[in-house]
Amino acid sequence: MSTNSAEPPPDAHRLASPLRLWLPWVIGSILILVFVARDWVLTRNGIIDHSVVWGRDFINVWTGGHLVRDGQFATLYDPTGYAAYQRGLFGAIDPHNYSYPPTSYPLAAALSLLPYSVALAVWLTATAALFAVSARSWWPRSAGPYWLAVATPAALVNLWAGHYGFVLGALFLLGWQNLDRRPTLAGIFFGLMLIKPHMAVLVPLALLIRGDWRAMGSAAATVVGSVLATAVAFGVTPWTDYLFRTLGVQATMINAHGKFFGNLSTSMTTGLLEAGAPWSVAVAFQVASTALGILLVTLAARRRPASRDLALLIATCTFLVLPYAFSYDLTVVAIGALWVCTRAHLPGVDERLAILGFVAPQLGIAAALVSLPLMPFMLVGLAIAQFRQLDFPQISDRAAPASADATHSA
């Protein structure tokens, strides 16, 4: 059985009827349209509701770039100083924080050379195009043209939030797409995910189980090279501040304490805490979700399904494992959900789980707004459906190439 992710098998046109194709898209996209309309109504002098600017989290990329160009690295990871600097640029807005490692500095600095509105337009257009091109060979044909990869419910959240979802999604897809034929290049793409390292948390596990040593070595070299290069360029202190200050601040945000960003969380811990569950219950569910994610990836990687299918399962299981992640990061997960829906002879339960996983990035936010932590459970259901739909090669299939080579040699 071929494991080349660039040659997906023909899908079964499970979404052929207009209702089956478009209803999940409509249901899954309404919330962000409401949010955009609300933002428009509440905008005064470029500020939304006296708290945020258009592009939302992109403000951190642009602000961080200014601090990098000014050489104010200490301010980047100082929440109080950073908020004061940002208010100096934008006026009285809610505090934000810069949560990216020094490998993000060159990109942030380049974008900060442009006026904010222009930089935001360039960021959204360029990253969306990168993701669409990267997703082309992964996109199910019966789900429509491949550029719809930037219009899934998850992609729309990322566009609204101005985040890194397209960049990390593209690097993930390019890594897995090249793994079988160009493992060194694949490792470089995986290593570049250091810009948000937790998004690649399960990739080393899968590569280790599969024995993809060249990709692992290339990824490690890319990570080490990136760290050394940025340490030489910007000093060691930004790395120590990021590791020992910023990561601690981010950890405290697992408990959102009723703040809006908690509604976007994919975390089992955050969802249950926001719903009023005690820490012990939230942590217990997170441990169970993490264990399930690791188990599914381990079992799948050992049985070596097609690289495409394994990659899409890993994308979903990443959010089962992480106690800190958000719906704008689910860009690849949306593709995995559509692939399940295009399977032939798909059991009804798996199709329903996949559809729920597809709409989870926005439907989960709506549920969280009324204290229902559904998003992490929707992702658990999608991961189970994906695992059940994997095509594992038989032992004879694995042995066939070796036998053929032996026959040829004889």
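Start by selecting S29, which lies in helix α1, residues 18-42. The model on screen is a predicted one. Is S29 buried or exposed? S29 has a relative accessible area of 10%, and because the cut-off for buried is under 20%, S29 counts as buried.

The side chain of S29 has a polar atom 2.7 Å from the backbone oxygen of W25. Then look beyond the sequence neighbours. Which residues touch S29 once those within four places in sequence are set aside? They are A151, P153, L156 and Q362; select these four to see what surrounds the serine.

Move on to the strands. Select β1, β2 and β3, which form an open sheet in that order, with antiparallel pairing. β1 (43-44) and β3 (52-53) are the edge strands; each has a single partner strand, so one side of each has no neighbour in the sheet. Now zoom in on β1 and β2 (residues 47-48): the two run antiparallel and are joined by 2 bridges. Within this pair, pick R44 and find I47 of β2 opposite.

For the last stop, select V370, in the loop between α17 (348-369) and α18 (375-388). V370 has a relative accessible area of 57%, so V370 is exposed.

Note on methods. Residues are numbered from 1 along each chain as its sequence is written. This is a predicted model: local features need pLDDT of at least 70, side-chain atom pairs count only at pLDDT 80 or more; totals for chains, interfaces and linings use all residues. Side-chain values use heavy atoms; hydrogens and water are left out. Helices (H or I, at least four residues) and strands (E, at least two) are DSSP runs, numbered from the N terminus. Buried means under 20% relative accessible area, exposed over 50%, partly exposed in between (1.4 Å probe, protein chains only). A polar contact is a pair of N or O atoms within 3.5 Å; within protein, one must be able to donate a hydrogen and the other to accept it, and residues adjacent in sequence count only if both atoms are side-chain atoms. Contact means heavy atoms within 4.5 Å. Two strands pair if DSSP finds at least two bridges between them.
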